[in-house]
Amino acid sequence: MFKKILIANRGEIALRIIRTCKEMGIKTVAIYSTVDKESLHVRFADEAVCIGPAVSSESYLSIPRIMAAVEITNADAVHPGYGFLAENSDFAEMCIEYGIKFIGPTPEQIRLMGDKITAKETMIKAGVPTVPGSGGLVKDVKSALKTCQEIGFPVIIKATAGGGGKGMRVVWSEKEFETQMEMARKEAKAAFGNDGVYIEKYVEEPRHIEFQIIGDQYGKVAHLSERDCSIQRRHQKLVEESPSPFMTPELRERMGNAAISAGKAINYEGVGTVEFLVDKYGDFYFMEMNTRIQVEHPVTEEVIDWDLIKEQIKVAAGIPISGKNYIPQLHAMECRINAEDPFNDFRPSPGKITGFHSSKGHGVRVDTHVYAGYTVPPYYDSMIAKLICKAQTREECITKMERALDEFIIEGIKTTVPFHQKLMKNEDFRNGNFHTRFLENFDFGQKKNH
Ligand code: ADP
């Protein structure tokens with residue numbers, strides 16, 4: 001087992017990893033940028049190294065600075081968390097060069113799934129259903145339009161290097177296609193430095209259902225059931241739950257097998273997530289695979305009673321898995337609490353938290369790095385806490401979530417708590433009647449001049 005793990009991340013996930021390491025008797029090293037000096041991950045780690053200024057490119061995204069921290073602290077493994085360098089194959093490669101373990105898949109596995117087109121091709125070979133489309137980068141408007149005619153509008157233009165819901169455009173008719181494609185290319189170039197785009201059929205009113213998988217170093221891959229992440233705003237997840245209200249044992253069997261095939265196709269090592277779109281007929285299509293721990297992993301932890309970070313570290317240390325699949329026994333749901341104003345187009349609301357009381361009680365879990373007196377910096381992701389509830393049934397879980405949201409007090413900044421309170425009362429949501437565009441017609445209670 002590893003002796004000392006450096007956590008190449010910040011915020012709640014850094015703290016989450018530290019907690020598990022402590023329970024496993026592994027020493028921890030936190031890295032931080034100057035603005036994160038007062039962060040809890042810095043306080044709770046055994047050692048902490050300041051690696052640079054606030055701007056991510058000179059701190060949390062700087063491979064040379066992180067490797068320098070590895071060297072001076074003598075860490076024997078790195079946990080990348082999610083975001084930042086978690087899916088950067090160069091970083092994973094660099095860890096090998098330094099003789100330390102990158103807790104995650106191999107650089108090759110990251111590469112195979114990181115580029116969306118390559119991933120799709122790999123899945124087609126493995127017999128996993130994918131969304132019909134251009135089957136590769138589109139060269140020009142003319143050939144792109146030919147694909148559109150074959151598959152029919154609406155279509156979605158996606159950046160091959162895209163991520164985090166960015167670099168995607170839905171096109172409803174031929175006449176707007178050319179302009180949209182140009183804009184998609186420009187956006188992709190600006191955001192990812194790569195203007196390669198491809199086309200997919202736009203699946204209407206789909207659900208986003210993903211499977212948590214785990215693979216060991218000896219070729220075994222198992223699934224830990226699904227999470228429904230259909231509640232999204234601008235392709236970004238806000239609420240996740242397991243099991244999916246749409247799931248049946250038969251569909252779980254088929255999707256679970258497809259997720260395992262996806263993992264086996266690349267000999268996947270570590271925890272990962274295979275994302276699918278599911279249409280109303282129960283047909284499902286591979287969308288992408290995330291080769292890292294995900295934000296919403298606690299939902300799965302709660303329904304099968306596992307510590308996924310612990311399992312991830314064990315697999316990285318060469319411990320084999322049982323290979324058994326797990327089916328949820330309870331219902332769990334996560335609300336992402338962001339420092340954003342839901343009454344004002346979710347505008348970021350960084351600043352000092354003057355008062356803080358986190359929800360408590362049976363079946364309630366809060367993963368957060370913030371506290372009263374903490375200042376949310378404007379430089380990073382706006383998520384400040386994850387509120388996770390579990391109960392015997394979905395209905396009880398929602399009731400518990402309402403209760404937990406009511407007692408979650410965050411003063412000094414605006415948060416998405418009021419949005420979640422509204423969502424929990426929505427009849428369609430309560431009935432499990434929703435899809436990925438559900439929030440497009442949702443009344444957020446926008447307050448003008450607020
Ligand atoms: P990212 O890597 O940026 O997260 P994804 O490929 O995972 O992008 O897609 C994010 C979201 O975009 C999905 O959850 C879904 O809501 C929507 N989406 C992506 N592809 C399609 C499609 N072909 N049809 C309909 N919606 C899609």
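**Loops, helices and a pocket**

Me: Pro154 is in the loop that joins α7 to β6 (155–163). What makes the peptide bond from Phe153 to Pro154 cis?

Reply: The model is predicted. In the model, omega for the bond from Phe153 to Pro154 is near -5°, and the bond is cis. The bond from Ser242 to Pro243 is also cis, again with omega near -5°. Pro243 sits in the loop between β11 and α9.

Me: Why is Cys148 called buried?

Reply: The relative accessible area of Cys148 is 1%. Buried means under 20%, so Cys148, at 1%, is buried. Cys148 belongs to helix α7 (residues 141–151).

Me: Which residues does Cys148 touch, leaving out those up to four places away in sequence?

Reply: Cys148 touches Phe153, Val155, Phe177 and Ile199. The C-alpha atoms of Cys148 and Glu200 are 8.4 Å apart, although 52 residues separate the two in sequence.

Me: Pro80 lies in a loop, between β4 (77–79) and α4 (89–97). How do you know whether Pro80 is buried or exposed?

Reply: Pro80 has a relative accessible area of 3%. The cut-off for buried is under 20%, therefore Pro80 counts as buried. Not counting residues up to four places away in sequence, Pro80 touches Ala8, Asn9, Leu85, Ala86, Phe102 and Ile103. Pro80 and Ala190 are 110 residues apart along the chain, and their C-alpha atoms are separated by 25 Å.

Me: Phe84 lies in the loop between β4 and α4 as well. Why is Phe84 called partly exposed?

Reply: Its relative accessible area is 29%. Buried needs under 20% and exposed needs over 50%, so Phe84 falls in between and is partly exposed. Phe84 is not a glycine, yet its phi is positive, about 40°.

Me: What makes Arg234 exposed?

Reply: Arg234 has a relative accessible area of 56%. Exposed means over 50%, so Arg234 passes that cut-off. Arg234 is found in the loop between β10 and β11. Its phi is near 50°, a positive value in a residue other than glycine.

Me: How do you know what span to expect for helix α9 (residues 249–265), and what span does the model give?

Reply: Helix α9 has 17 residues, and at 1.5 Å a residue these should span 24 Å. The expected span uses one less than the number of residues. The end C-alpha atoms of α9 are 24 Å apart, so the two values agree. Just after α9, Asn267 takes a positive phi of about 55°.

Me: Which residues of α9 are buried, and what covers them?

Reply: The buried residues of α9 are Leu251, Arg252, Met255, Gly256, Ala258, Ala259, Ile260, Ala262 and Gly263. Their cover includes α5 (107–114), α6 (116–125), β9 (207–215), β10, β12 (270–278) and β13 (284–290).

Me: Why is α1 called mostly covered?

Reply: Of the 13 residues in α1, 10 are buried. They are Gly11, Glu12, Ile13, Ala14, Leu15, Arg16, Ile17, Ile18, Thr20 and Cys21. Helix α1 (residues 11–23) reaches 19 Å from its first C-alpha to its last, close to the 18 Å expected at 1.5 Å a residue. Just after α1, Gly25 has a positive phi of about 75°.

Me: Which residues are buried in helix α13 (residues 417–425), and how do you know where on the helix they lie?

Reply: Val417, Phe419, His420, Leu423 and Met424 are buried in α13. Seen down the axis of α13, the buried residues fall within an arc of 155°, so they line one face of the helix. These residues pack against β10 (221–233), β11 (236–242), β14 (331–338), α12 (394–406) and α14 (427–430).

Me: How much space lies in the second largest pocket, and what makes up its lining?

Reply: About 180 Å³ of space lies in the second largest pocket. Its lining consists of Glu205, Arg207, Phe246, Val278, Asp279, Lys280, Asp428, Gly432, Asn433, Phe434 and His435.

Notes. Residues are numbered from 1 along each chain as its sequence is written. This is a predicted model: local features need pLDDT of at least 70, side-chain atom pairs count only at pLDDT 80 or more; totals for chains, interfaces and linings use all residues. Side-chain values use heavy atoms; hydrogens and water are left out. Buried means under 20% relative accessible area, exposed over 50%, partly exposed in between (1.4 Å probe, protein chains only). Helices (H or I, at least four residues) and strands (E, at least two) are DSSP runs, numbered from the N terminus. The arc is that of the directions from the helix axis to the C-beta atoms. Contact means heavy atoms within 4.5 Å. On a 1 Å grid over the protein atoms alone, a cavity is a set of points where a 1.4 Å probe fits but cannot get out, and a pocket is an open set with protein on both sides within 12 Å along at least five of seven lines; lining residues have an atom within 4 Å of a point. Grid points are joined across faces, edges and corners, and a volume is the space filled by probe spheres set on the points.
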